[in-house]
Amino acid sequence: MGFIRFLLAVGVVLCHTSSIYGFSPVSGNTAVQCFYIISGFYMTMILNEKYTGQNGNKIFYLNRALKIYPIYWIILFASIIWSLTVYKFGYPGVAKQYADNSPLSLATWSYLILSNIFIIGLDWIFLFKLENGNMLFTTDFNAQKPAFYTFAFNSIAWTVGLELLFYLIAPFIMRKNILWIVMMLLLSLGLRLLLNENGLNHVPWDYMFFPTQILFFMLGGLSYYLYKKVKLSGKINFIISAAYAIVIIFYYQFFPNNFIKEVFLFVFTALAIPSLFNLTAKSKIDKYLGDLSYPIYISQSLIIMVTGAKIFPKPFGWGLTAVILCIAAGIFLTYFVTRPIEKIRQKKINMINDYAITSSK
């Protein structure tokens, strides 16, 4: 399943830059929601099969934090340096937004500092507008100038903030009876339909609002139960996996994008995950590609800002150039950050387990 996550990450990069000679896979927002489904599957699996002991939740949260934050903070630091540099030379950027709209209130500063550092709450940035230095609620952030989301140094990280909210509640939902997952899915879908009926059928309400996105994580949870119940042959798993990969790669080639097409993709994602997992679970290459997906995804904001400069050479066009650099950044971060952190993480987990065993005696 790592190859699919890799493709989805590349799709998001291309959505924010340009196509590769007229071609791009599934669109950015659709790719992100497919990520949520996959995340729901994985989190349900590890919470039910791996983090089951007395310290299961503690180890789960530690594992997620060590996976998310070190790489994010490196990219955040580099993004701040880049923003300050371009501001010094008189070019627009995040630092210029802060300078042009100062002074900001204490509440605004507190929110922006904490959300930029810890990611949690960064998805709420689309619910506010800036007026005289104060954060005020708005139902349409796109109608505001300046758009409040432009104060985020890593503009793509709001999706990670939304996923972190899922991590916080996952241990208390995804281990329960499947009916809890179905109930959460229906409540989220019902809220989405209710907002739609009341004129809130646009971003952020249908894409950046956590309560309406919970349904995708729950769909992934249902996919885990399908994985546990249904066993298919290797040939069938291959056919389903190949068909799903074709849909992801050539998504724009099959009919115009519309609501029915998206629903089909999301349902197909949930149905295909068990086959994808069974087919690739033991593949080291697939795991490596999957490990690259997060650093590719989280580094794209910085790389897009850098490559978007007019003076930056784009020998293959903006999209392909950005993808190549994102993959290079992903390889670098995986080797020099993820692997050393993984060793630390294993030591911490062993320490927690040893303490639990000692305390129980």
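Leu 164 is buried, at a relative accessible area of 7%. Buried means under 20% relative accessible area, exposed means over 50%, and partly exposed lies in between (1.4 Å probe, protein chains only). This is a predicted model, in which local features need pLDDT of at least 70 and side-chain atom pairs count only at pLDDT 80 or more, while totals for chains, interfaces and linings use all residues. Residues are numbered from 1 along each chain as its sequence is written, and side-chain values use heavy atoms, with hydrogens and water left out.

Leu 164 sits in helix α6. Helices (H or I, at least four residues) and strands (E, at least two) are DSSP runs, numbered from the N terminus. Setting aside neighbours within four places in sequence, Leu 164 contacts Ile 68, Tyr 69, Phe 118, Ile 119 and Ile 120. Contact means heavy atoms within 4.5 Å. Arg 175 is eleven residues from Leu 164 along the chain, and their C-alpha atoms are 17 Å apart.

## Backbone exceptions

Most residues other than glycine have a negative phi, and most peptide bonds are trans. Ile 119, one of the contacts of Leu 164, has a positive phi of about 70 degrees although it is not a glycine. Ile 119 lies in the loop between α5 and β1 (128–131). Is Ile 119 buried or exposed? Ile 119 counts as buried, at 0% relative accessibility. Asn 132 also has a positive phi, of about 55 degrees, and is not a glycine. Asn 132 is in the loop between β1 and β2. Asn 132 is exposed, with a relative accessible area of 72%.

Pro 103 is in the loop between α4 (94–100) and α5 (106–118). Pro 146 is in the loop between β2 (134–137) and α6 (158–169).

## The α2–α10 contact

Helix α2 (residues 28–49) packs with helix α10 (residues 259–280) at an angle of about 40 degrees. Their axes are 10 Å apart. Axes are lines fitted to C-alpha atoms, for helices over the stretch in contact, and angles run from 0 to 180 degrees between N-to-C directions. The crossing of α2 and α10 is right-handed. A crossing is right-handed if the near helix is turned clockwise from the far one by less than a right angle, and left-handed if anticlockwise.

Which residues of α2 and α10 meet? From α2 come Asn 29, Thr 30, Gln 33, Cys 34, Ile 37, Ile 38, Phe 41, Tyr 42 and Met 45. From α10 come Glu 262, Leu 265, Phe 266, Thr 269, Ala 270, Ile 273 and Phe 277. The residues of this contact divide into eleven nonpolar, four polar and one charged. Ala, Val, Leu, Ile, Met, Phe, Trp, Tyr, Cys and Pro count as nonpolar, Asp, Glu, Lys and Arg as charged, and the others, Gly among them, as polar.

## The largest nonpolar core

The largest nonpolar core has 101 residues. Such a core is a set of buried Ala, Val, Leu, Ile, Met, Phe, Trp, Tyr and Cys residues joined through side-chain atoms within 4.5 Å. Leu 8, Phe 166, Met 218, Tyr 244 and Ile 298 have the most contacts inside the core. Helix α2 gives the largest share of this core, twelve residues.

Met 218 touches Phe 166, Ile 173, Met 174, Ile 181, Met 184 and Leu 185, not counting residues up to four places away in sequence.

Ile 304 is in helix α11 (residues 284–307). At 14% relative accessibility, Ile 304 counts as buried. Beyond neighbours within four places in sequence, Ile 304 contacts Val 13, His 16, Thr 17 and Trp 318. Gly 319 is 15 residues from Ile 304 along the chain, and their C-alpha atoms are 9.0 Å apart.

Leu 189 lies in helix α7 (residues 178–197). Leu 189 is partly exposed, with a relative accessible area of 33%. Ser 115 is 74 residues from Leu 189 in sequence and 27 Å away, C-alpha to C-alpha.

## Cysteines

How many disulfides are there? The count is zero, where a disulfide is a pair of cysteine sulfur atoms within 2.5 Å. For Cys 15, the nearest cysteine sulfur is that of Cys 34, 13 Å away. Cys 15 is partly exposed, with a relative accessible area of 45%. For Cys 326, the nearest cysteine sulfur is that of Cys 15, 13 Å away. Cys 326 is buried, at 0% relative accessible area.
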